[in-house]
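Reader: Could you walk me through the charged pairs here, with the criteria spelled out?
Author: Happy to; here is the model.

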Amino acid sequence: QVQLVESGGGLVQPGGSLRLSCAASGSILRIDDMGWYYQTPGKQRELVARITAEGGINYGDSMKGRFTISRDNGKNTVYLQMNSLKPEDTAVYYCNADILGGLPVNMHTYWGQGTQVTVSS
């Protein structure tokens, strides 16, 4: 009923840029916080950045200063602009969102399917 669909991952050379998108769709009444996380093999998922519906932003320590989160509330979409990419940024990137919706209506945290970002020459 509610789903998050990510796009924009891929292979990029060190120093390059990528823009990830994550669109929420389905039976949605309201979206609160949205965020991006990353995960490498054998490690826990970690925060990249989160953004509130009002635009308040919190960044994790790893990518602060190089990555920028934004959202378009009219499109139910959150973005992650990734600049100055490094090989150590290679990971699966997941978006999530706290959404009031579905049937029956409830507040639930949804996750996208993940998109692979590989930084390599």
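Reader: What makes the contact between Asp33 and Arg50 a salt bridge?
Author: First, a word on the source: this is a predicted model, where local features need pLDDT of at least 70, side-chain atom pairs count only at pLDDT 80 or more, and totals for chains, interfaces and linings use all residues. Residues are numbered from 1 along each chain as its sequence is written, and side-chain values use heavy atoms, leaving out hydrogens and water. A salt bridge needs a side-chain nitrogen of Lys or Arg within 4 Å of a carboxyl oxygen of Asp or Glu. For Asp33 and Arg50 the N to O distance is 3.7 Å, so the pair qualifies.

Reader: Which strands does this pair tie together?
Author: Asp33 lies in strand β4 (residues 28–39) and Arg50 in strand β5 (residues 46–51), so parts 17 residues apart in sequence are tied together. Strands here are DSSP runs of E, at least two residues, numbered from the N terminus.

Reader: Why is Arg50 called buried, and Asp33 partly exposed?
Author: Buried means under 20% relative accessible area, exposed over 50%, and partly exposed in between (1.4 Å probe, protein chains only). Arg50 has 15%, so Arg50 is buried; Asp33, at 25%, counts as partly exposed.

Reader: What else does Arg50 pair with, by a salt bridge?
Author: Arg50 also meets Asp98, at 3.2 Å, N to O. Asp98 sits in strand β9 (residues 91–101), so this pair joins parts 48 residues apart in sequence.

Terms used:
Helices (H or I, at least four residues) and strands (E, at least two) are DSSP runs, numbered from the N terminus.
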